[in-house]
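Reader: Please take me through this structure by way of questions and answers.

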Amino acid sequence: MIERRAPLPDSAQGYLTALPALILLDRLPVATLAVRYDGTIVYANPAFEQMLGYESGILTDQPIDAVLDDRPPRAAGGGLICGHSGRLISLRHSDATIVRTVASESVMMRKDDPLALVVFHDITEQLWTVGEH
C-alpha cells in the first residue's frame, strides 16, 4: 500500500491551516481539557494527563467531578470550568493529592459551542513557596 500525502503547503500559514486541531492540542506542553456542558470530559491532552498522573485516554468520557476537588460556584457541566479565568481551581491527582491550578477562560468563542476548552496552569509549587498550601 502506498501512503499518499497532500502536497505540502507553500506557506507557514497554509501549514497551520492544514494541521488537524487534535494533533496540535496533543503537542501543546500546556494542560488542556475539553468538557461538554453536561459535565463529561471529551478530551484531555497528554500534558493534562501527566499533570494529574493519569494514563492516556483514561479521562475521556469521565465526569468532570473525577478531577475536580472542589466545585466552583457555577452551573453544572462545562460551566464548572468556565467563567473562572484566573481563579484558583483545585484538581485531584490520581494519587489523591491536590493540584492547585489557574484556568483560562474557554477558548471556544461562540455561545452555542457544545463544549468548553480550557487551559490549566499548575501553581501548586508556587503556592507552597509562599506558604499558601
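Reader: Which residues does L91 touch, not counting residues up to four places away in sequence?
Author: This is a predicted model, in which local features need pLDDT of at least 70 and side-chain atom pairs count only at pLDDT 80 or more, while totals for chains, interfaces and linings use all residues. Residues are numbered from 1 along each chain as its sequence is written, and side-chain values use heavy atoms, with hydrogens and water left out. A contact means heavy atoms within 4.5 Å. With residues up to four places away in sequence set aside, the partners of L91 are F48, M51, L52, V67, L68, D69, T97, I98, V99, T101 and F120.

Reader: Which residues touch the most other members of the largest nonpolar core?
Author: A nonpolar core is a set of buried Ala, Val, Leu, Ile, Met, Phe, Trp, Tyr and Cys residues joined through side-chain atoms within 4.5 Å. Buried means under 20% relative accessible area, exposed over 50%, and partly exposed in between, with a 1.4 Å probe and protein chains only. The largest such core has 19 residues, and those touching the most other members are L33, F48, M51, V67, L91 and F120.

Reader: Which elements each supply at least two residues of this core?
Author: Helices (H or I, at least four residues) and strands (E, at least two) are DSSP runs, numbered from the N terminus. By that numbering, the elements that each supply at least two residues of the core are β1 (31-36), β2 (41-44), α3 (46-52), β3 (88-92), β4 (98-103) and β5 (115-122).

Reader: In what order do the five strands form the open sheet?
Author: Two strands pair if DSSP finds at least two bridges between them. The pairing here is antiparallel, and β3 and β4 are joined over five bridges. The order of the strands is β2-β1-β5-β4-β3.

Reader: Which residue is the bridge partner of S90 in β4?
Author: The strands β3 and β4 pair in the antiparallel sense. Within β4, the bridge partner of S90 is R100.

Reader: Is A96 buried or exposed?
Author: A96 is found in the loop between β3 and β4. Its phi is near 80 degrees, a positive value in a residue other than glycine. Most residues other than glycine have a negative phi. With a relative accessible area of 57%, A96 is exposed.
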